Amino acid sequence: MTSSAETKYKVFCVNVNLYVKPGKREEFLAVIRNNQKGTAKEPLALDYTWGESTTEANTFYFQEKYKGKEGFEAHQKAPHFAKWEEFVKTHPFTKDPEVMLFEAA
């Protein structure tokens, strides 16, 4: 395992908790799978992992890692992220997303 100092960038992390309305579940899954597929092709993306809570239906957790904040900013400009933004405008959540941004130590 290499450290951030050895790789010359800091790993920028994004953790997100999403609470999806039951009626939006299938559309959410299609959009998020598309986002994951697109993110896997991004040169500055390191990891994009998501899953559903084992105890609360329609509660999803995400962990993303990028090569520096620049990697995340590039992700936000990608076409697949634009589709995510369009989906978000449909008010698909039962409560506000919880987003945590940080640099890995």
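Predicted model: local features only at pLDDT ≥ 70, side-chain atom pairs only at ≥ 80, totals over all residues.
With a relative accessibility of 5%, F62 counts as buried, because buried means under 20% relative accessible area.

A pair of aromatic rings is described by the distance of the centres and the angle of the planes. In this model the count comes to 11 aromatic pairs. One of them joins F28 and F62 in an edge-to-face arrangement, with 6.3 Å from centre to centre and 90 degrees between the planes. Since F28 belongs to helix α2 (residues 25-39) and F62 to strand β3 (residues 59-67), the pair ties together parts that are 34 residues apart in sequence. F28 and F62 are both buried.

F62 also pairs with W50, and here the rings are stacked, at 6.0 Å centre to centre and with 15 degrees between the planes. This pair, too, links distant parts of the chain, for W50 lies in strand β2 (residues 45-52) and F62 in strand β3, 12 residues apart. Another ring, that of Y19, has a charged neighbour, as K95 lies over its face at 4.3 Å from the ring centre.

The backbone deserves a look as well. N58, which sits in the loop between β2 and β3, has a positive phi of about 65 degrees although it is not a glycine. H91 likewise is not a glycine and has a positive phi, of about 55 degrees, and its place is in the loop between α4 (79-88) and β4 (98-103). Are these two residues buried or exposed? N58 has a relative accessible area of 11% and is therefore buried, whereas H91, at 60% relative accessibility, counts as exposed.

Finally, the reader may turn to the largest pocket, whose volume is about 280 Å³. Its lining consists of 18 residues, and those that lie nearest its centre are V16, E64, F81, W84 and V99. The elements that each give two or more residues to this lining are β1 (11-19), α2, β3, α3 (68-76) and α4, with the largest share, four residues, coming from α4. Sorted by class, the lining of the largest pocket has 13 nonpolar, three polar and two charged residues.

Technical notes. Residues numbered from 1 in each chain as written. Heavy atoms only, no water. Phe/Tyr/Trp six-rings, centres within 6.5 Å; stacked < 30°, edge-to-face > 60°. Buried < 20%, exposed > 50% of the residue type's maximum accessible area, 1.4 Å probe, protein only. Lys NZ or Arg CZ within 6 Å of the ring centre and 35° of its normal. 1 Å grid on protein atoms, 1.4 Å probe; cavity = no way out; pocket = protein on both sides within 12 Å on 5 of 7 lines; lining within 4 Å. Points joined across faces, edges and corners; volume = space filled by probe spheres on them. Nonpolar A, V, L, I, M, F, W, Y, C, P; charged D, E, K, R; others polar.
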